[in-house]
Amino acid sequence: MASPSLANPAPFDPDARMPAVEWMKRNLFKNAFQSVLTIIVSFAIMSLAWLLFRWGVLDAVFVTNDPQVCREAAGACWAVIGVKHRPMLFGLYPYEEHWRLVLMIVVYLATVVISLWPRFWNLRILVPLWIASVTAITVLMFGGVFGLRYVPSNDWGGLPLTIILFTGTVLIGMPVAVLLALGRRSPLPFARGISVIFIECLRGVPLITILFVAVNVFPLFLPQGMEVNKLLRITVGIAIFFACYQAEVIRGGLQAVPRGQYEAAASINLSYWQTTRRIILPQAMRIALPSITNHIVAAMKNTSFVIIIGLFDILTATSAVMQDPLWRRYYIEAYLFIAFIYLFFGYALSRYARQVEKWINIGRI
Amino acid sequence: AESGDTIKAIIARGELLCGVHPSRPGFAAPDDKGNWAGFEADYCRALAAVVFGDATKVRFVALSSQQRFPGIQSGEVDVLARNVSATMGRDVSLGLNFTPPIFYTGTGFLVHVDSGIEKLEDLDGATICMAPGSTTEQNIASLFSARGMSYTPIVIEDNKQLVANYVEGRCDALAKDKAALPGVRAIDTENPEEHKMLPGIFSKEPLAMAVRQGDDHWYDLVKWTVYATFVGEEMGVSQANVDEMLQSPDPDVQIMLGVTGDLGEKMGVSQDWAYQAIKQVGNYEDIYLRHFGPGTPIELDRDLNQQWVDGGILYGFPIK
Amino acid sequence: MAVAICALGLFLYNNVVDNLTRQNIATGFSFLGQVSNFEIGEKLIPYTPRSTYLNALMVGLVNTLVVSAAGIIIATVVGFMVGIARVSGNWMLERLALTYVEIVRNVPVILQAIFWIVVLRNLPPPKNAFVLGEFGFLTNRGLYFAAPASTPVHFWMWLALAFGIVACIIGTVAARRYREVTGRYVDMLLPGLALILGLPFLVWLVAGAPTEISYPVPKGFNYVGGVSISPEFTALLIGISMYASGFIAEIVRSGIQATPKGQVEAARAIALKPRFIMRYVILPQAMRVIVPPLTSQYVSLIKNSSIAVVVGYPDLVNIGNTMMNQTGQAVEAIAVMMIVYLGISLTASLVMNLFNRFVAIKER
Amino acid sequence: MTQSLETRMLDTHDTNDAVIKISSLCKWFGQFKVLTDVDLEVRKGERVVICGPSGSGKSTLIRCINRLEEHQSGHIWVNGLEMTDNIKNIEAIRRNIGMVFQSFNLFPHLTVLENLTLGPTLVRQMKKKDADALAMQFLEKVCIPEQAHKYPLQLSGGQQQRVAIARSLCMEPEIMLFDEPTSALDPEMIKEVLDTMIELADSGMTMIVVTHEMGFARTVANNVVLMADGQIVETGPPESFFGNPQHERTRTFLDQILKH
Amino acid sequence: MTQSLETRMLDTHDTNDAVIKISSLCKWFGQFKVLTDVDLEVRKGERVVICGPSGSGKSTLIRCINRLEEHQSGHIWVNGLEMTDNIKNIEAIRRNIGMVFQSFNLFPHLTVLENLTLGPTLVRQMKKKDADALAMQFLEKVCIPEQAHKYPLQLSGGQQQRVAIARSLCMEPEIMLFDEPTSALDPEMIKEVLDTMIELADSGMTMIVVTHEMGFARTVANNVVLMADGQIVETGPPESFFGNPQHERTRTFLDQILKH
Ligand SMILES: Nc1ncnc2c1ncn2[C@@H]1O[C@H](COP(=O)(O)OP(=O)(O)OP(=O)(O)O)[C@@H](O)[C@H]1O
Ligand SMILES: Nc1ncnc2c1ncn2[C@@H]1O[C@H](COP(=O)(O)OP(=O)(O)OP(=O)(O)O)[C@@H](O)[C@H]1O
Ligand SMILES: [Mg+2]
Ligand SMILES: [Mg+2]
């Protein structure tokens, strides 16, 4: 256990950068213990990297349509991704219409990237932007207008479905989470009681059982003949589960807002909702940001539970596609591909969150 | 449900909802273009052809093993064609009705040759890989306890994992529907010669379609669609020759194809229902060969799944 | 208001009854008493296919508890180590820890469990096992190792151990109270250890000190004797605990960084060594930031153990699924699972809340 | 003792133009009695400085005046309106009272300008443009118009406190309460803030100030009040308060404060 | 300018009994130069008060002395031992230097007694019993032995600061550094702490104190140092420093500090 770096002063850096040797001396070979550590760790990393390289590159098959070719190779069979990537990425969506999904992903990513930019944090930009892109995405996904073929939500799948579920979870879940968190701190015993029971009960059970209830038990409560879209039901189920976790995180943030802020707001006569919305929540969210991100990253992986209503998100689609007897030996490569996609999005998200933390710390936002 | 409700609902909806396995190549699985393919999927299509005269008016609903019975019970699907073994327990306690089986199979064991296992009794104390939720689990338990033997089950839902577990030596034996074992041996093992199937079938697994109890109309329709595929093969009416067969002088063929008689109308669908099913999907042989015949990844012997006249146990009731 | 709620309740109830009768679904929990007629691979309590479904569920519950408990311990240890490494000041270690965290928490836990089962399955088969002296064998069937031959004494030793741990906890709390009241400090380290280790040892001595060891020997398809750990258990355990450890590492890091800078400086100013600073100043204070989110992670980990079904470990959900498929009583089976998980989770939060009160800082 | 003080105040001032009138105010925190029978009157334009040892209830008293704390017995009138549970009354009273805290309590996520305009736009329903203009006017008054677009944490303590004062002024209150406004500041910054407050006093604002800055008290106060143990011990104009304290407690307190 | 001061100090004191010697110390925070060529000597038993405007580098300077900050050029010797990267040296030096912070920095999770005994037991490897006895002795010295079993947050600010002083003393250092030890305190508590410090000074402890309490400086300092913009501007015994400051900067600074 080396010394904590919390209080380490910023490195002395009066004129630009340190020479590489100096840097290594400071960071890698500070003393005997650290040097040994550095050497052992680098050796381990290097041998592992070599093994992976041999399997994944040297001995691997990259392109082929014939499983037999893969069978004869010693390394990875990346060809499986070439053969299967479309059903993996797009699920059961009609094959000829896959271009719409590509377009949808592009629109989505563009929207997200724009919204993550502090420069555009302005409701007058963001609201029209999201309305436009949600409309565009709805049109692309459903079709039925502009000569696009109609595709019902039961046929959606793959990455677009994962994205929609994830976004839906966050967009529905965050407001619910905020309400639950406020409810749990409410002075009204009724609101507090309901929130506590709701949060504790839903957090305590596996998500799959909640979804099972949403799918199988919920309809029992409806009069015969009435139906609620299954995808919507499941999204709400996942979102509420997510909200219960997030509510606790936000509650932590709320508790950390200094009492003085409430008093200052009271002294300029703001009402409860004005105080909450303008003063307390923005600060609470900032304080809780790292944990909020944690849960958002985790929520991304909850989408695979849609299989319970027979929809194939990217993970389930891959698992299903890889049942193909001709190619199923190479499921590891396919899973690695999917893992990489998750890793990419998850990592981007947490990197971004860290950047936001930094912006907050230097008072930029 | 009232008798006839289901058909009305299907027609009003414009499509048939058919519950299938999420991914069981050969029986039901999306192909690389996202179209459902497989033996059971084709039976769903045949039903659509009977109801609508259009085999494409079917929506496949993938049901996980937990979800399959609630799925049919709650009306999420109209019919279940999802690798369900018909048993009395399921019939009487789940509110289901089973059609005549469309595929007969039973539990078989695949073992490593060098393990020296020759017969069931040699498996005493072995580790056995099997899928959950199927009747296989129960069958093996009965099989072993009847002989006073013990075993360790490894229960894995995902088929490719299950197979890999056996192939990589985690288990001494793979217990699976016998029909599926040759495929595993041929495709998944490095050297097929190192694996063999134990002789014999160790349980009865009649795979049948299921509908909700209480709608006899709909049950009849599903049942007779199945028989039509049987009878079609028996009488030599296939997808390839069904149009010529319309001219057949054989009165039985004429009745089946709706050239004469009014059985279709009595059942509540169009007169040419069987014609449509065979024309658009095929008779039993057509369907079977399409998915399990020579040249498919899963080549299966027809074995029990032959017409009674050929020595199998498929026995379509007369369509008269 | 009350009338409206009652009316709504009645309306919903009617719908349910109506819908259930329409679907001809059998309801009730009587099936739990039926004979299960399936075998379970790993069981820590007696069970045969002749036992009831309730019995089968108990086996699953025990398995879930075992893997969760082990998972919590490993995730905590690894999480704390990685979290501390994240602020260790060693560049290499920090990067490595960061990479670990990012990979481990961004890849779905299911994929991680599959990864580990694949790795473990590729160990050699029993006939050319890695041999660890005569004491153990490492194979793709699991790890087999020697252990004291089972005698009834073991039961009493476990009991003594549990008793010792409880006594130690009570002692520590009492010592703390005593100190707060009288100011006198009682060091509970040695008495505690003596209680925890000494009691079982005493039982062992009293029982005549049985020393027989049972070695695993190849027989039939596997090894018999000794103790074994299956690859399914191990893969699930590594999968869920590594996944959780990534999140825990971040919690620990933020806890450490939330400790005011002044605390570290004050500790340095009295010339404390870095490891003492971590142990006596930073961690105890970080704990109060760490414990509440840690509780959430523990609860998540317990629930994540329900992915057991993908690697074939017979946990509660895996067995529940089988039961559901055999009886078809899905709603009831799910209800049972929900209640059991809720019970486990609430117990876990309760324990952690008590612990939280223990680490909380005394204010005026 | 408090009775006699009360009488004295009634003698010297006309009761009718009292903007704040407190009579036999008591307050408990749980079992602990923080304020005991406090009586106080503040007339329009008057500047009252409250001092006293730590824990004597100074903050609690002025926090009762705008209902940041609830009192349990006694009465408080502001502009003739009694402070009760009635939410309408509380709002009407708070609208007339500005408060400046020891720890500034600026909203860290809003810019200085946003801090200032929040109240006017949300509570007084002013237009954004007017609110901005008003805010700039008060920022100029406290001499930091150039900081309008910074965030509070980017300012020095003295600047932050002046923003806090400006924020209260933007509500255009009749009365300002200050709770140790300079005690969290560095010596050099204290001066900036005191200067601002003196200017405010000169413009005729009614002010109640809790502070230990005796120089300030001497310069601007009409009345100095000493509190101890939840009671008002002595009250009087600065000359007599500092020059000729009546009570022993006042003398020991002034001794300690003025020594170093 | 600093050169001349250095020379003057060398003239008046014998270099050999300097326990702290700082020569041409420079320190940067990133691009920002906080300390420029600081030279300072402190002899055994000497009491130096450092004052100066906020941000002038006072804290940074004394934090360099026990290596809470790393300096980038120049030298610091403590008892003849030079402060380098060598961890052994740093620990040896820190053991000789006690430090008291503005915000006390007591360990909130430990009782007062545990706060005091942590260093002695872990660093000086004393027996628990001896450490307890030592701690009680210093608690008596700062007049709060009865608080030994409370937790820090249960004490008043003045009491907390006295515990912090006692904690440093428990390491039996030769030199004590104080960084604005009273500026987070209420006026009445300031006195308690200053009294403790004066007592400590009387017992002959070598002390460097950053403070704005000019009364204290007058009473106990041998030398007063004014810092501005990272440099030492003026240094001298209190009589001449306050009575007859040499530099314009000193005069304006003293003006502001002493005015109110
Ligand atoms: N919320 C509270 N709950 C319980 N006791 C409180 C609370 N707030 C204040 N007190 C107690 O009430 C008494 C008076 O507090 P108050 O803050 O009014 O004193 P003060 O005169 O402003 O002191 P200072 O000069 O330290 O600010 C103190 O003893 C304090 O401990
Ligand atoms: N860790 C740091 N990183 C960057 N700049 C710093 C850091 N610490 C201090 N500074 C800057 O260095 C300068 C000197 O700081 P220092 O704390 O030594 O001043 P000071 O004289 O003690 O002031 P004060 O009286 O306000 O305590 C200030 O401008 C401050 O902003
Ligand atoms: Mg106060
Ligand atoms: Mg400072």
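## One side of a helix in chain D

Helix α3 of chain D (residues 87-96) has four buried residues, namely N89(D), I90(D), I93(D) and R94(D). Buried here means under 20% relative accessible area, exposed means over 50%, and partly exposed is anything in between (1.4 Å probe, protein chains only). The background is simple: an α-helix has 3.6 residues a turn, so residues three or four places apart point the same way.

What lies over the buried residues? The cover of α3(D) includes α11 (259-267) of chain A, along with α2 (58-65), β4 (73-78), β5 (81-82) and β6 (97-100) of chain D. Contact in this sense is heavy atoms within 4.5 Å. Helices (H or I, at least four residues) and strands (E, at least two) are DSSP runs, numbered from the N terminus. The N-terminal end of α3(D) has a cap: a side-chain oxygen of N86(D) is 2.8 Å from the backbone nitrogen of K88(D). A polar contact is a pair of N or O atoms within 3.5 Å; within protein, one must be able to donate a hydrogen and the other to accept it, and residues adjacent in sequence count only if both atoms are side-chain atoms.

## Ground rules

This is a predicted model, where local features need pLDDT of at least 70 and side-chain atom pairs count only at pLDDT 80 or more, while totals for chains, interfaces and linings use all residues. Residues are numbered from 1 along each chain as its sequence is written, chains are lettered from A and ligands numbered from 1 in the order in which they are written, and side-chain values use heavy atoms, with hydrogens and water left out.

## The disulfides

How many disulfides turn up over all chains? A search of the whole structure gives 3, a disulfide being a pair of cysteine sulfur atoms within 2.5 Å. In chain A, C70(A) pairs with C77(A), with the sulfur atoms 1.9 Å apart. The torsion about their S-S bond is about 65°, so this disulfide of C70(A) and C77(A) is right-handed. Both C70(A) and C77(A) are buried.

Over in chain B, C18(B) and C44(B) form a disulfide with their sulfur atoms 1.9 Å apart. The S-S torsion of C18(B) and C44(B) is about -50°, so this one is left-handed. C18(B) is in strand β1 (residues 16-20) and C44(B) is in helix α2 (residues 39-52) of chain B, so the pair ties together parts 26 residues apart in sequence. C18(B) is buried at 0% relative accessibility, and C44(B) is buried at 0% too.

Chain B also links C129(B) to C171(B), with sulfur atoms 1.7 Å apart and a right-handed 55° about the S-S bond. C129(B) belongs to strand β9 (residues 127-130) and C171(B) to the loop between α6 (159-167) and β11 (173-177) of chain B, so this bond ties together parts 42 residues apart in sequence. Accessibility is 0% for C129(B), which is buried, and 1% for C171(B), which is buried as well. Counting bonded cysteines along chain B, the pattern is 1-2, 3-4.

## Cysteines without a partner

C143(D) is in no disulfide, and the nearest cysteine sulfur, in C170(D), is 15 Å away. With 48% relative accessibility, C143(D) counts as partly exposed.

Buried or exposed: which is C51(E)? C51(E) is buried, at 0% relative accessible area. Its closest cysteine sulfur, in C64(E), is 19 Å off, too far for a bond.

## Around ligand 2

Ligand 2 is surrounded by residues from chains D and E, so the site is shared between chains. There are 13 residues around ligand 2, and S54(E), G55(E), K58(E), S59(E) and T60(E) come nearest; a residue is near if one of its heavy atoms lies within 4 Å. In chain E, β2 (32-43) and α2 (58-65) each supply at least two residues of the shell, and α2(E) gives the largest share, 3 residues.

Backbone atoms meet oxygen atoms of ligand 2 at several points. A polar backbone atom of G55(E) is 2.8 Å from a ligand 2 oxygen, for S56(E) a backbone N or O atom is 3.1 Å from one, and for G57(E) the distance from a polar backbone atom is 3.0 Å. Taken alone, ligand 2 exposes 640 Å², and the protein buries 62% of that. Those areas come from the Shrake-Rupley method with a 1.4 Å probe; for residues, only the protein chains shown count as cover.
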